[in-house]
Amino acid sequence: MEIRVEQRAQVTVIAVAGSVDGATAPALVASFRERVGEGCIRIVGDFSGVDYTSSAGLRALLETAKEARQRGGDLRLSAVQPDVRRVLDLAGFTHILKVFADTDEAVASYSAARS
Amino acid sequence: VSREPNGPAERSMRDATFEARLENLAAMRRFVEEACRSAGMDASACSELKLAVDEACTNIIEHGYRDGAGPIAVTCESDGERMRVVIRDRGAAFDPGSVPAADVTSGWEDRPVGGLGWHLIRQSVDEIDYEREPSGGNRLTLVKRSRPWRSE
């Protein structure tokens, strides 16, 4: 699994590539947590390169979304591949996480209708 | 690839033993994928089965062998219609029937982090069977049906 972080104005894009499982999820959690700790609370998880996730990845996403939201931010996902989307659906995560078709749209969602 | 409707079922069996470490989950998934591919299983059924095996093995590594390492033996057996994966370990006894239902409907504030592994297994395979072996190991069987081939 690889993680690339890119700052786009107010939004932090964390691009993940590879498989997220019990072995790799801790690095993902650490990367998310580091950003949130630095005050980067508007996060987009670019999942275009993620070909697989187990429940370990779901745990990382929910933990990060909770931490970001408790500070007034959010974790939004973009470009989720079908197999990963299926896991999000099965876990009921598509009701609690915003998922966008592409990363630009997810980044733009933070400047539109800020509540 | 096409299969004759009444053609003979392709039987195949493979087994492998892995050390119970999270770093080996990728190799376990690859093993299942190769077995599915050689059995001619469709890609989405294969993905679902891989997820179920990953979750079951993650539980064995994190809970069954909590106090140390040990082997996980995986056998994949196909009759051409269904893939039967038998996962055996020598860790603590564990009955999947005792796992409470996962919360997949609460709002984000109340949604517990974790506890989704068995939910995903139940949603991803057609049959689940667990036995505590007399010799002291666990034997979990997951069965996945391959979906019918489409003509296009």
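# Exercises on a predicted two-chain model

## Exercise 1

Determine the strand order of the open sheet in chain B and identify its edge strands.

*Solution.* Step one is the order: the five strands of this open sheet follow one another as β1-β2-β3-β5-β4 (chain B), and their pairing is antiparallel. Step two is the edges: β1 (12-19) and β4 (127-132) of chain B each pair on one side only and are the edge strands. Step three is the twist, which averages 15° from one strand to the next. Step four looks at one pair: strand β2 (residues 71-78) and strand β3 (residues 82-89) of chain B run antiparallel and are joined by seven bridges. Within β3(B), B:Val85 is the residue opposite B:Cys76.

## Exercise 2

Describe the elements of chain A and explain how its radius of gyration compares with the globule rule.

*Solution.* Begin with the count, which is four helices and five strands in chain A. Read from the N terminus, the elements of chain A run β-β-α-β-α-β-α-β-α. The radius of gyration of chain A is 13 Å, close to the 13 Å given by the globule rule for 115 residues, so chain A is as compact as a globular protein of that length. The C-alpha trace of chain A spans about 30 × 25 × 20 Å along its principal axes.

## Exercise 3

Explain why one side of β1 and of β5 in chain A lacks a neighbour in the sheet.

*Solution.* The open sheet of chain A has five strands in the order β1-β2-β3-β4-β5, with mixed pairing. Because β1 (2-8) and β5 (99-100) of chain A stand at the edges with a single partner strand each, one side of each has no neighbour in the sheet. For β1(A), strand β2 (residues 11-20) of chain A pairs with it in the antiparallel sense over seven bridges; A:Glu6 has A:Val13 in β2(A) as its bridge partner. Helix α1 (residues 25-37) of chain A lies across β1, β2, β3 (42-53) and β4 (74-78) of chain A, at about 175° to β2(A).

## Exercise 4

State which element gives the most residues to the lining of the largest pocket.

*Solution.* The largest pocket holds about 270 Å³ of space. Its lining has 14 residues, and B:Asn59, B:His63, B:Gly115, B:Leu116 and B:Gly117 lie nearest the centre. At least two lining residues come from each of α2 (55-70) of chain A, α2 (43-64) of chain B and α3 (117-124) of chain B. Of the elements, α2(B) gives the most, with five residues. Sorted by class, the lining has four nonpolar, seven polar and three charged residues.

Note on methods
Residues numbered from 1 in each chain as written. Chains lettered and ligands numbered in written order. Predicted model: local features only at pLDDT ≥ 70, side-chain atom pairs only at ≥ 80, totals over all residues. Heavy atoms only, no water. Pairing = 2+ DSSP bridges. Contact = heavy atoms within 4.5 Å. Axes fitted to C-alpha atoms, helices over the stretch in contact; angles between N-to-C directions. 1 Å grid on protein atoms, 1.4 Å probe; cavity = no way out; pocket = protein on both sides within 12 Å on 5 of 7 lines; lining within 4 Å. Points joined across faces, edges and corners; volume = space filled by probe spheres on them. Nonpolar A, V, L, I, M, F, W, Y, C, P; charged D, E, K, R; others polar. Rg over C-alpha atoms; globule rule 2.2 N^0.38 Å.
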